[in-house]
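Here is a friendly note to read alongside the model. Please keep the 3D view open as you go through the points.

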Amino acid sequence: MIIFKKVNISMINVLFMTIFQGRATRKPSGGKLRPNHSKRRYELGREPTLTRLGDRELRKIRSYGGNSKFALLRCDYANVYNPKDKTTRKVKINTVKENSADPHYVQRNIMNRGTVISTELGDARITSRPGQDGVINAVLL
């Protein structure tokens, strides 16, 4: 049996909207700004990479100038640095404890820079950007 879901037209526009990082169309006073040029490829952003807890999964992304970034989609290990004895160890991530970017990320186990994670060594704060670096580096708290 096929079930068709009724979709609101305005919702479709939200799902497939271009992420534009160019100049705004309004002045601080509220007046309209006339664009100097149309949207350029270098002004377009991309959907946020929501790195989740799970088996390691990477995606290679072509960035500006033909360079590449590695978006980490899922990961269950982190390189944790211990400032007391100045050593770094690869340890398993148990869960996400705190995320200042969005409190709902804690429930969904989404990790980004600044997230406090619970590891085998204890709580640690992520210092790398997993959505762009392709690795999770953290400092023990």
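Which residues lie nearest the centre of the largest pocket?

1. Leu44, Gly45, Arg46, Lys69 and Gln132 do, out of 24 residues that line the largest pocket. A pocket here is an open set of points on a 1 Å grid over the protein atoms alone, where a 1.4 Å probe fits, with protein on both sides within 12 Å along at least five of seven lines; lining residues have an atom within 4 Å of a point.

2. Before going on, note that this is a predicted model, in which local features need pLDDT of at least 70 and side-chain atom pairs pLDDT 80 or more, while totals for chains, interfaces and linings use all residues. Residues are numbered from 1 along each chain as its sequence is written, and side-chain values use heavy atoms, without hydrogens and water.

3. The largest pocket holds about 790 Å³ of space. Helix 3 (130–133) is among the elements that give two or more residues to its lining, together with strand 2 (57–62) and strand 6 (110–111). Helix 3 gives the largest share, three residues.

4. By residue kind, the lining of the largest pocket has 10 nonpolar, seven polar and seven charged residues.

5. Now turn to the second largest pocket, with about 240 Å³ of space. Its lining has 14 residues, and Phe20, Arg23, Pro35, Asn36 and His37 lie nearest the centre. Four of the lining residues are nonpolar, five polar and five charged.

6. Phenylalanine 20 also has lysine 39 over its face, at 5.2 Å from the ring centre (NZ of Lys must be within 6 Å of the ring centre and within 35 degrees of the ring normal). Likewise, lysine 90 lies over the face of tyrosine 77, at 5.1 Å from the ring centre.

Terms used: Points joined across faces, edges and corners; volume = space filled by probe spheres on them. Helix = DSSP H or I, 4+ residues; strand = E, 2+ residues; numbered from the N terminus. Nonpolar A, V, L, I, M, F, W, Y, C, P; charged D, E, K, R; others polar.
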